[in-house]
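Work through the exercises below with the model open. Try each task before reading its solution.

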Protein chains: 2
Amino acid sequence: MEAPLKVYKGLEGIYVLESALSLLDTENGKLYYVGYDVEELVAKSSYEEVSYLLLKGKLPTKAELEAFVEKLKGEMQLDEKELETVRLVSKRSSGMDALAAYFVLTGRGLVDDGSPMDQAIRAIGKAGSVLGNVIRIDGGEDAMYPDPSLGVAGNLIYLVTSRKPEPYQIEFLDDILILHAEHGVPASTFGAVVAASTLSDVYSSIVTGIMTLKGPLHGGASEAAYQQFVEIGDPNRVEAWLEKALSERRRVMGFGHRVYKIYDPRAKIVKAMAARAAAIAGGRVKALYEVASRLEEVALTKLAPKGLFPNLDFWTPMVYTAVGIPPNYFTAVFAVSRIVGWVAHVLEYWKDNRLIRPLHLYVGPPAGQKYVPIEERH
Amino acid sequence: MEAPLKVYKGLEGIYVLESALSLLDTENGKLYYVGYDVEELVAKSSYEEVSYLLLKGKLPTKAELEAFVEKLKGEMQLDEKELETVRLVSKRSSGMDALAAYFVLTGRGLVDDGSPMDQAIRAIGKAGSVLGNVIRIDGGEDAMYPDPSLGVAGNLIYLVTSRKPEPYQIEFLDDILILHAEHGVPASTFGAVVAASTLSDVYSSIVTGIMTLKGPLHGGASEAAYQQFVEIGDPNRVEAWLEKALSERRRVMGFGHRVYKIYDPRAKIVKAMAARAAAIAGGRVKALYEVASRLEEVALTKLAPKGLFPNLDFWTPMVYTAVGIPPNYFTAVFAVSRIVGWVAHVLEYWKDNRLIRPLHLYVGPPAGQKYVPIEERH
């Protein structure tokens, strides 16, 4: 029996909105934010400037960037009451949940204060300071005041490690944040826009984004890639591991992407970063990198013909590890960065809002089933 | 300049999944759950039985229903630690946020315990007991233990009012819960499925549903309808109010629906309930009902030709009020009921999961913008 109507399951190939935020050039393996090549932004810009670009649609002048960074620094502060909320959510949850709980519990104040743009900037500022403290507490330390002068990337490392970060660490994490800031409408961003389309609020969209990013088919992939490298353990075991994995039809974590059927342009950039991180940090980072490199090499021969190439998540574990982020927090750092993309899409969508309300194709029992009294059912 | 590709903004008319849960017969103004006419379910069934129907795809035998209700009753209990969590989230938030925060903070335990079906039943059981206590605390009372023997509807009224509810109150709220349990893929259910499609978990989908239902274009409509009746205040002021509202292009809250272009079948049922509630409860309920009735009459002459008819949210304020739910909690009660629909869709979607990852049409500046050093920008 054929369905009478087309069902676009997964919405593959369906355009759901117009956006001026990013262009995924899947033919040439390029990614642009508001027309700027992300590779160039990683080399020359900062996460703060990229946030401005995505929120306001243009690069700032010097004065505009200074004013924006000043505002953001103010939002990165956490006062004693805010630290208390972080302690409280950390006591009962961790990771992405703790970050989401923080926004749910403080959202009312967020929404009542300032324009949606103000709220967006506040959320970007708070997120890193909250997550840094969640990671501290999870590691047995007490919460501490952020140091906004270090910038979003530096402050996050400072909170996680309790030390002023090395310049190369700040640069690494800043680049990672830029690379994760925006990527069109994957599930989490689309979910955030679905929530926003009901005229819910900025932070409800962020919480939706976090809840959706959690899934292993989305943001969870980079932690899974890390665990995979750990499981393999040694470059010499790659061949045997891969053969077994493929014969068991297991996915190679960090390979393949719904949109890119060639090498993920972000992965190309992070691959080079991972190599540098291995050289600088050595130890565990180098060990992970050697397994990853060998796995890429061997897996590409089998998977490239199927259109499966390493994506962003394949190479980030080495960089995260080099800056001190524990593996169970990789996805949460991704969330902190992607908040920019979520709120930028929400603000853009609200300019011409349309409630998102699709249809389902009913495939159940025919209408008009007889309601048999319960005593007579069997 | 024309867009080269079709953008399905709002996903209007787009089928995103197959489902055996509900059939919205928009031609004949009928709604069916798993083939059963909702009007008949409201008359003969209970929220518990309907939950079973939606989760398991068939009506239960007597033994099956008893076992299901027993399990649900166990989940409706809140122990002292759980009450403490409710107090904690109520101290820092309220309404839908408090309900969402409860699930975010306890979700880890929920996910680690039992199958997704077990987790779904747990969430259905907890939701009403948590919300009832959130409403208590918001009203200045302390949290208290639920009474699962009263059923989901009766227990919720009991917690909110501190009194064993009248049988007619239980019946009213039970019918309301049945009517809100499932309705295809509105924004909140679709959002829950988008989250689930990343292989996130049951409670992340529920939190997403709550965050999305919050919007005034979705679940918030019934509180808005209530406020509108209060604003009008007297049936004699309906004409003048409506004329002014229409001239200012204000929406009549509770009128119109994306899918129904005729009288919402659920609204027809609740309209009769609202009339009964007004007769039994009198006072405020009767006053609201008289304004609503007159508004419907007058507004229909103007709006029916445009395909705008009263929807569910137009008539529920009278019934909620008759059972003691404060207006700022109407939407949260809707959420408690709709959790069944959310989790039923999630479990159904997971049987043949496909990551939801649509596309956007890029409409920004051309790729390859020149990155001008900040000193040279103006």
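Lys and Arg count as positive and Asp and Glu as negative, while His and the chain ends are not counted. The place of a charge is NZ of Lys, CZ of Arg, CG of Asp or CD of Glu.

This is a predicted model, in which local features need pLDDT of at least 70, side-chain atom pairs count only at pLDDT 80 or more, and totals for chains, interfaces and linings use all residues. Residues are numbered from 1 along each chain as its sequence is written, chains are lettered from A and ligands numbered from 1 in the order in which they are written, and side-chain values use heavy atoms, with hydrogens and water left out.

**Exercise 1. Chain A as a whole**

Task: State how many positive and negative side chains chain A has, and how far apart the centres of the two sets lie. Then describe the chain's overall build.

Solution. 
- Step 1. Chain A carries 42 positive and 47 negative side chains. The centres of the two sets lie 4 Å apart.
- Step 2. Count the secondary structure: chain A has 16 helices and five strands. Helices (H or I, at least four residues) and strands (E, at least two) are DSSP runs, numbered from the N terminus.
- Step 3. Check the radius of gyration, taken over C-alpha atoms, against the globule rule, 2.2 Å times the number of residues to the power 0.38. The value for chain A is 22 Å, close to the 21 Å that the rule gives for 378 residues, so chain A is as compact as a globular protein of that length.
- Step 4. Along the principal axes, the C-alpha trace of chain A spans about 70 × 55 × 45 Å.
- Step 5. Of the 378 residues, 62% count as buried. Buried means under 20% relative accessible area, exposed over 50%, partly exposed in between (1.4 Å probe, protein chains only).

**Exercise 2. Two hairpins in chain A**

Task: Trace the pairing of β3(A) with β2(A) and with β4(A). Which residue in the β3-β4 turn has a positive phi?

Solution. 
- Step 1. Strands pair if DSSP finds at least two bridges between them. Four bridges join β2(A), residues 22-25, to β3(A), residues 30-33, and the two run antiparallel.
- Step 2. A:Leu23 has A:Tyr32 as its bridge partner.
- Step 3. Four residues separate the two strands of this hairpin, and A:Gly29 in the turn has a positive phi of about 65°.
- Step 4. β3(A) is also joined by two bridges to β4(A), residues 36-37, again antiparallel. Here A:Tyr33 stands opposite A:Tyr36.
- Step 5. This second hairpin has two residues between its strands, and A:Val34 in the turn has a positive phi of about 50°. A:Val34 is not a glycine. A:Val34 is buried, at 3% relative accessible area.

**Exercise 3. Where the chains meet**

Task: Which strand of chain A is bridged to β1(B)? What does B:Phe190 contact?

Solution. 
- Step 1. Four bridges join β5(A), residues 359-362, to β1(B), and these strands run parallel. A:His360 stands opposite B:Leu17.
- Step 2. Four of the five residues of β1(B), residues 15-19, are buried, so this strand is largely enclosed by the rest of the structure.
- Step 3. B:Phe190 lies in helix α9 of chain B, residues 187-196. At 1% relative accessibility, B:Phe190 is buried.
- Step 4. Contact means heavy atoms within 4.5 Å. Neighbours within four places in sequence aside, B:Phe190 contacts residues including A:Leu11, A:Phe190, A:Ile356, B:Val16 and B:Val185.
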